[in-house]
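Good morning, and thank you for coming.

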Amino acid sequence: MICLTKRDRSVSAVLMNTTSTKRAGKERLRSLDLPSGKLRNWWTSRAQPGLWTRLLVCVLAGSCMLLVCRTWQPPFPHRIGEYPVRNLISRADFRVPDATATEAAKLGKRREAIVYYVKNDQPLVQLREQLKDHLFLVLAAESWEKMTADERRAFTELDVEIPGDPAGTSPAERFQLFKSVLSTDPNLEQTDAAVKTSMLPAAEDGLLQSLTHTADQGQLRLIRVYPAGRPDEARPVEVAKVRIVKARSDLDFQLKEQFRQRFETESAQVAADMISRWLASRLPETLRYDEELSNRVVQEVTDRVEDVMKTYSRGLSVLAPAGQPLGPAQIELLRREWETLTQEMGWGGRLARLVAYAGMIAALFGLGGIYIHAVDDRGLLNDFGRLSRLLGLVVVTVAICYWTSRDQWRAELIPLTMAAMISTIVYGRELAMVLMTAVGLAVTLFIGAGIATMVTLAAATLSCVLLLGRIRSRSHLLYVGMGGAIVTSATLIGVGVVTGEWFSIGEVDTERLPWLPSTGFGAILGVLGRDAVWAGGSVLIGALGLSGLLPLVEKGFGVQTDLSLLELGDASHPLLRRLAQRAPGTYNHSINVASIAEAAAEDIGLNGLLVRVGAYFHDIGKMFKPEYFIENQQDGVNQHDLLQPAMSTLVIIAHVKDGADLARSHHLPQPVIDFIQQHHGTTLVEYFYREAAKRSESDFNREEVSDKDFRYPGPKPQTLEAAVLMLADAVESASRTLVEPTATRIAHLVSAIATKKMTDGQFDECGLTFKQLDRIKKSLVKSLTAIYHARVKYPGQQTA
């Protein structure tokens, strides 16, 4: 057991008193309900439903941008036709194939390749047979005088002058000499053997008048010869041996030598010479170039040739000279340098780039969120669907701009222009300008462009945002595109002149731009004009493309342009026609409300057309039970006389829900449905509430009547447009009760109704200011005074 001394007990008492004093102080401070710090408020708000889900969507959107745009590697910033202001020096050591040297090496190998020729021996066999036919005809002749025409023709083809015979011999004498030689070989066996042996080299190697392939297709000294259908038996043969010119001399020598060996008479050389000359004049080509097989062989040879590499050194090699347009060769060099730099980057460098881009995206998202929360509609951040669509628009725009900025397209202005117009339609000019500035900056950094590109993108997007306005016709987008194109083209030219980029142009690539002068001021103007026309054309294409996508934009983002509102507000709409038939009083009331509400909305800078269309449909729920509403009652019969106040209230209130359901079934846009649901807010059905209170007082039980049972379900107006419609609906209905609707009485009525709505808290959620409320009241008074203006009373006309 521990025993405390007197001193310990006194210290303990002091500490307890101090603790209780601090606790009491905190409780007193808490009772004052002082506002907490901003950081504490944010930390407290983390428990807000859906906050972490919305933050996760933001993180996913940023991650998609990082992945799609490949932010872990540096962008490739060069394009064909670009004019560098200074020499582009290599930033890395790399080697690239030298196309010229490689092609020269391949050409050398092609010229060394041995091509294929296919051999056909049949022409030589047929020639020998033809010779034998001629010789048999000659042998068949008994004498020169008795020769037949065929025999004489055969000998005439063989007949030649005897070489070395200066005196000359007659054909008859030569015939006797020739026949004397062949008479010793009546079956021509020796003669045919001599001819066959003499023609053996030609039969083995083939014959060719001239080569049918060129030096670039293969070697001209050797060829590969193979029998038809047997390419595996191909063997190399010197071209000189197969030429017919060479074969003729060889044939003459071989044939004479064979006749000398086989025939002992001196006249045998005369016969050999005659046969040799006949054969030589008729030697056929037996070789044919096999193009398919040769090309395959040559291709295999050239494929084995390795690329001849050219080395570029860091800080020394010039990849592209200043003032000269970048052509495909320079772009290829710069891309190889970029690939080398990317490969040399370690994981640390890649991670650093990724983190840097992630920080940039986080900063843009954060600044945009702060602007929306502080200046614009903070409900956009709290609504998961709207926030997701906003982020989706940003991510898709950046991704498409990144992929369309490639050199073969250069069309990043097209999706950027379309996104600028879509954001203006959906979110308004102010937020659209902030969004497009952020998107343009992100696209510039992702594609590796410079300040000139960023200014051009900003000019294109902001001009479209500022020129768009309200779309009342389909041609309006065309005019916006034309205006944006002019601004973008002028900006591109101006930026090029200010930065001095265009004055660095040395020589124009006349192969790509043959219509421009190669040098001088005309060349500069030509390049400027070309780029300006393309930039302006891209903006115009974007505007025209959005014209066809406008219905999808309205459907996807739940907004309406003036064009669709004009179509929706047509009096021939099925709901409006049905309303006019079933509830003509309500229809007339809706038309009057639309007229005065539109004017009031436009007085405070709202979309009056949207308010007018909303007013047309705001009471369509009354067509289910039109006889229960005073404007549709006739003959003084009031259906509510037979009902309890609570039941009458339910009937009256039901027209809001019925109208919303009817609007959804007819696919009316969400803003119109919001008008139907919000135009009464949570206001009190005063007549029946007072009637119920009166009956309760006279009742014996005297049950307390709660005003909650006699209020509309709401919600309260969430937009200024809904607030304007609420006021217009109330004052238009109330003004019908005025006996003498003078301007003063109307003003007093409008002021009283507006004050009652305001004190009832109906405008707490729409951001309506006192200044705007005052302007709305003045507009409503003006419009109602015009409706109930005084008329001249004619003689005999009674006062109503």
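Let me start with a definition: contact means heavy atoms within 4.5 Å. What you see is a predicted model, in which local features need pLDDT of at least 70 and side-chain atom pairs count only at pLDDT 80 or more, while totals for chains, interfaces and linings use all residues. Residues are numbered from 1 along each chain as its sequence is written, and side-chain values use heavy atoms, with hydrogens and water left out.

I turn to S648. Leaving aside neighbours within four places in sequence, which residues is S648 in contact with? They are H640, L643 and F688. S648 belongs to helix α27, residues 645–665; helices here are DSSP runs of H or I with at least four residues, strands are runs of E with at least two, and both are numbered from the N terminus. S648 counts as buried because its relative accessibility is 0%. The cut-offs are as follows: buried means under 20% relative accessible area, exposed means over 50%, and partly exposed lies in between, with a 1.4 Å probe and protein chains only.

Next, the sheet. In what order do its four strands lie? The order is β5-β4-β3-β6, in an open sheet with mixed pairing. The edges are β5 (235–238) and β6 (287–289), each of which pairs on one side only. From one strand to the next, the twist averages 40°; for such angles, axes are lines fitted to C-alpha atoms, for helices over the stretch in contact, and the angles run from 0 to 180 degrees between N-to-C directions. Two strands are said to pair if DSSP finds at least two bridges between them. Strand β3 (residues 116–119) and strand β4 (residues 222–227) run parallel and are joined by four bridges. Within this pair, V118 stands opposite Y226 in β4.

Now to helix α25. This helix covers residues 584–603, 20 residues in total, and reaches 29 Å from its first C-alpha to its last, close to the 28 Å expected at 1.5 Å a residue. The expected span is 1.5 Å times one less than the number of residues. Among the buried residues of α25 are G585, H589, V593, I596 and A600. Their cover includes α24 (574–582), α26 (608–617), α30 (720–735) and α32 (770–787). After α25 comes G605, with a positive phi near 80°.

Finally, the salt bridges. Side chains of opposite charge can pair when their charged atoms come close. A salt bridge here is a side-chain nitrogen of Lys or Arg within 4 Å of a carboxyl oxygen of Asp or Glu, and by this rule the count comes to 32.

Consider three of them. In the salt bridge of D619 with K622, the closest N and O atoms are 3.2 Å apart. D619 is buried, at a relative accessible area of 0%, and K622 is buried too, at 9%. R690 pairs with E686, the closest N and O atoms being 3.0 Å apart. Both lie in helix α29 (residues 686–698), four residues apart, or about one turn of the helix. R690 is exposed, at 55%, whereas E686 is partly exposed, at 24%. In the third, R736 and E732 have their closest N and O atoms 2.9 Å apart. R736 is partly exposed, at 44%, but E732 is buried, at 2%. Elsewhere, salt bridges that share partners join D150, R153, E157 and R282 into one network.
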